[in-house]
Amino acid sequence: MGRSNTHGAPATVSAAPGGMHERVHTESHGAQSSRVSVNRPPIAGIKRRRWNRKTQRDAWVFVAFAAPNVLLILLFTYRPLITNIYYSTLDWTLGSASATAVGVGNYVEFFTSPDASNVLAVTAVFTITTVGGAMILGLLVALALNQKLKGRTFARAVVFAPYVLSGVGVGLVWLFIFDPTYGVLSWILRGVGQASPQWVNDPKLALVMVTIVYVWKNLGYCAVVYLAGLQSIPTQLMEAAALDGASNVRRFLSIVVPLLSPTTFFLLITSLLSSLQAFDIIRIMTPSGNGTSTLIFDSYLQAFGSYNRAGYSAAISVVLFVGLLVMTAVQLRFVERKVHYS
Amino acid sequence: MSDTTEAPPTRDRPLSWQSLGRTIAGGYVPLILATLVVFVPLLWMMLSSLKAPGEIVTTNLTLLPKDPTLQNYADAASTVPFARFFLNSVIVTVVGSTIKCILAVLTAYALVFVRFPFKRAIFLLILVALMVPPQVSVLPNYVLIAGMGGLNTYWGIILPGLGTAFGTFLLRQHFLTLPPAIMESAEIDGAGHWRKLWKIVVPVSVPSIATVALVTIVSEWNEYIWPLIVTDHPDMMTLPVGLTQLVNSDGSTQNWGMLMAGAVIVLLPILVIFAALQRYIVSGLTQGAVTG
């Protein structure tokens, strides 16, 4: 992507000054002494000095333009990654001035305690079901949207809308729907002669509940991305297969699925990353995390909830970040491959 | 008759496998279903927020409020400082988004149009930051901001989120597509970077900047975990954090009418913005998918 056609033109233009710049740097003393030396044509000397000044001015402009943003990112995005590693070696309550160094104790506890393995299990279940649910339903909605039907632009917007809404607001709306006494769902269940389950109090059902809401909020994103993928499939290909007598199912499996695989992989990675970061819905619907403590939510509860274990919380953050790093590395490799592919 | 059946064989083919009935079953039904699944819960929230308490705390559901009332909104405002939450959210969103957009434009311009030796490394640094989840940096940032006295302050809420990797990335991609000719003509005129930025690059990039601005506004407005941690005084809470208060203050039985009123206040502004400008927002949020 960095070497697209449009980028090619300025790249070749800037290559000359870039190379010049390097030389200016290495020969900066030489440039001054070149005034005395006779064997250099004077024009080249002037030209080089002008480049020198311009490059220097450009460097200052660059620093002035980019430094605030870069410094903020370093301070509030990169620095915490390192600080977390330090915090994770401490037995420490947030707000307290003293802490005990425990080495890798927090990590040992995380990988051995039953509570932590429960957190890992909840994270795995929540992540797999939300990613799978949002992607499968998203693909189905995308297939529906891909037909030349009236109102599909409107439908596309409506389906996407929950993705931009506040997780807190969405969580409250669904908490009301899931309410065992006054909720719409309990009303429907009573209509068919069933008692409403205790969605919030039952740990297993609480996980089902937040999963449903999370999928509802995010499937529109998958649908719109899949729709873009579907629309990039050449229509001639589908028409040719139809002429050859391929059925709808056959065309879907033999043409659409393979051609959508880059989109599927992209969605898989981005959905995994965002599911692992899910916080708002879980926090507002199940504040105690009973049955819904994913890694990110447990990390929050350990530091800012009633556990008062900031060091342990930092250890969880480090574990989570390493996991995300591995997945991002996979994605970057894939993007590279995709560029070669197309 | 025989003429018409013979003449359009190509048109006959799609019709034969996609008859009208199948179009409806396979096309409109899923489309309408998907639309309703999204639409109905939000409609239910709006209607419920206008119902009298007796119509909500009942097992006999009615669709429409018998006589619509704003009582729930008044109740919410008298339980917690709701107007203040709204004001705080507006301040944080406006100030935060404005600064973020300016930083994104400046950084993207520098990355594309200004010569600098370590440009690729800096771009990579920003690109990787895009993939660091904000949640893992919450604890260290809390310690830092608390140490600087930033708890329960606007700057404490806004500052840690100001560095913008997303906006920079998106605008850089756009600036790379600008024809070099427009910059060259300005160079001949002897325009400096500051003038080139505001007289040429910004005016021709309004749609892209609008996209970044809208996505930023939406995410600032919805931001939850950081304001939740950094504020514990009601006067400084943003809307999502304040709504949490509304849930907690009630104990076991929730006042659903009040909560739905609160949900409307936090969701409606974004819904209105989205309805008006969804094209920009959708393209901005799915940018990574389309370009990457």
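Thr123(A) lies in helix H5 (residues 114-145) of chain A, where helices are DSSP runs of H or I with at least four residues, numbered from the N terminus. At 6% relative accessibility, Thr123(A) counts as buried, a term that means under 20% relative accessible area, with exposed over 50% and partly exposed in between (1.4 Å probe, protein chains only). Leaving aside residues up to four places away in sequence, Thr123(A) touches Leu276(A), Ser293(A), Thr294(A) and Leu295(A), contact meaning heavy atoms within 4.5 Å.

**Basis of the model**

This is a predicted model, in which local features need pLDDT of at least 70 and side-chain atom pairs count only at pLDDT 80 or more, while totals for chains, interfaces and linings use all residues. Residues are numbered from 1 along each chain as its sequence is written, chains are lettered from A and ligands numbered from 1 in the order in which they are written, and side-chain values use heavy atoms, with hydrogens and water left out.

**Salt bridges**

Over all chains, the structure holds three salt bridges, each being a side-chain nitrogen of Lys or Arg within 4 Å of a carboxyl oxygen of Asp or Glu. In one of them, Arg115(B) meets Asp58(A) at 3.7 Å, N to O; Arg115(B) lies in the loop between helices H6 (82-113) and H7 (119-129) of chain B and Asp58(A) in helix H3 (residues 42-87) of chain A, so the pair joins two chains.

Within chain B, the side chains of Lys100(B) and Glu220(B) form a salt bridge at 3.3 Å, N to O. Lys100(B) belongs to helix H6 and Glu220(B) to helix H13 (residues 206-222), so this pair ties together parts that are 120 residues apart in sequence.
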